[in-house]
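I opened my notebook to look up a few side-chain contacts, and these are the entries I kept.

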Amino acid sequence: MSNQTHSYHLVNPSPWPALGASGMFMGTMGMAMFMHQKPGGGWLVIAGVALVLYTMFVWWRDVIHEARVDHAHTPAVSRGLRAGMALFITSEVMFFSAFFWAFFGASTLPKLPLADTWAIAQGVWPPKGIHPFDPFHLPFLNTLILLLSGTTATWAHYAIMHGDRKNTIKALWMTVILGLLFTSCQAFEYTHAAFGFKDGIYASTFFMATGFHGFHVIVGTIFLAVCLGRAYKGQLEPRQHLGFEFAAWYWHFVDVVWLFLFVFVYCGLANTLMPAFETIFTGTNLLILFVISLIGTGYGVWKLVSSRKFDKVAHFH
């Protein structure tokens, strides 16, 4: 067998992808059976979820082994892992964009059902009968909690970079506790909501956006709790701590999404700024902006193609 002449990691054959796919298939089929009230659907969902969770545990265990024991995470592999995490967070941005789009569309252009067919009355936002939360009560407290957790996560990263295991553990404990506190406050908020999930477009988009964000907070808290356990074992080192780095990226992403939720959903800033938007974003202005961006993109491509650096890359063999 010839020696490896590249810095990339060729993964050994593994049963975990097939096992994880089987678990997801079982969960999907079980959920369909459960919703159609077929016998055994609930148990199939539980078995599928358990199989997926087991796959996640053993697969990530192997990744940690590859990094710490096999030393397979070379700089090239680490760059690839970072790119993968960045793309995953990008997909999450698109996921939440759908909820924001639905909320903005309903809030800035409210209309009654069949308003496109015949005019009945001008819509209002929030809809009649909906009493939204006071943004500067519990939502503001949750905002402070998440912002504080972002600073403790950054503190943990700083401690890891300086080999300070004691402060790493302390900062991670604070971050995990703040994450649990946020989830508890959101659960309390939900139990005191003056509207339910089925009470119209405002309620459904509110609970979908904030609920999925809450789910992401729970996932991020588990992610950081795993990093805390690894910190106790001394596995987070200044030269290699990709696991925590990805957890911190994810946590800061969750923080940013919450800021958007607080400003635009709880405080209704989009509705306040709507008159300015209608003045600025006219058809003529958007056309001018498109032409300018097109010219700028063309100029940038021309500069890149005509540069010597591009010529060297294009003719590299």
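**Entry 1: salt bridges**

I began with Arg239, which forms a salt bridge with Glu237; their closest N and O atoms are 3.3 Å apart. I note that this is a predicted model, so what I write down is computed from predicted coordinates. Arg239 is exposed, and I read a relative accessible area of 62% for it. Glu237 is buried, at 19%, because the cut-off for buried is under 20%.

Which other residue meets Glu237 in a salt bridge? I found Arg68, again with 3.3 Å from N to O. Arg68 sits in helix α2 (residues 41-68), while Glu237 is in the loop between α6 and α7, so I marked this as a link between distant parts of the chain, 169 residues apart. For Arg68 I noted a relative accessible area of 30%, which makes it partly exposed. Taken together, Arg68, Glu237 and Arg239 are linked in a network of salt bridges.

I then looked up Arg82, which forms a salt bridge with Glu245, with the closest N and O atoms 2.9 Å apart. Arg82 belongs to helix α3 and Glu245 to helix α7, so this pair ties together parts that are 163 residues apart in sequence. Is Glu245 buried or exposed? Glu245 counts as buried, at 12% relative accessibility, whereas Arg82 counts as partly exposed, at 29%. My tally of salt bridges comes to four.

**Entry 2: aromatic pairs**

How many aromatic pairs does the structure hold? I wrote down 31. I picked Phe99 and Phe212 from the list: their ring centres are 5.6 Å apart and their planes are at 20 degrees, so the pair is stacked. Phe99 is in helix α3 and Phe212 in helix α6, so the pair ties together parts that lie 113 residues apart in sequence. I have Phe99 as buried, with a relative accessible area of 15%, and Phe212 as partly exposed, with 30%.

Next I checked Phe197 and Phe207, an aromatic pair that is tilted, with 6.5 Å from centre to centre and 45 degrees between the planes. Phe197 is in the loop between α5 and α6 and Phe207 in helix α6, ten residues apart. Phe197 is partly exposed, with a relative accessible area of 44%, but Phe207 is buried, with 14%.

Both Phe197 and Phe207 also turned up in one aromatic cluster, whose members include Phe103, Phe133, Tyr190, Phe195, Phe206, Trp258 and Tyr266.

**Entry 3: the nonpolar core**

I finished with the largest nonpolar core, which has 50 residues. Which residues have the most contacts inside it? They are Leu172, Phe195, Phe206 and Phe244. At least two residues of this core come from each of α3 (75-108), α4 (138-161), α5 (165-191), α6 (200-232) and α7 (242-266). I noted that α7 gives the most, with 15 residues.

I went back to Phe206 for its neighbours. Leaving out residues up to four places away in sequence, Phe206 touches Phe133, Glu189, Tyr190, Phe195, Gly211, Val265 and Tyr266.

Methods:
Residues are numbered from 1 along each chain as its sequence is written. This is a predicted model: local features need pLDDT of at least 70, side-chain atom pairs count only at pLDDT 80 or more; totals for chains, interfaces and linings use all residues. Side-chain values use heavy atoms; hydrogens and water are left out. A nonpolar core is a set of buried Ala, Val, Leu, Ile, Met, Phe, Trp, Tyr and Cys residues joined through side-chain atoms within 4.5 Å. Buried means under 20% relative accessible area, exposed over 50%, partly exposed in between (1.4 Å probe, protein chains only). Helices (H or I, at least four residues) and strands (E, at least two) are DSSP runs, numbered from the N terminus. Contact means heavy atoms within 4.5 Å. Rings of Phe, Tyr and Trp (its six-membered ring) pair if their centres lie within 6.5 Å; planes under 30 degrees apart count as stacked, over 60 as edge-to-face and the rest as tilted. A salt bridge is a side-chain nitrogen of Lys or Arg within 4 Å of a carboxyl oxygen of Asp or Glu.
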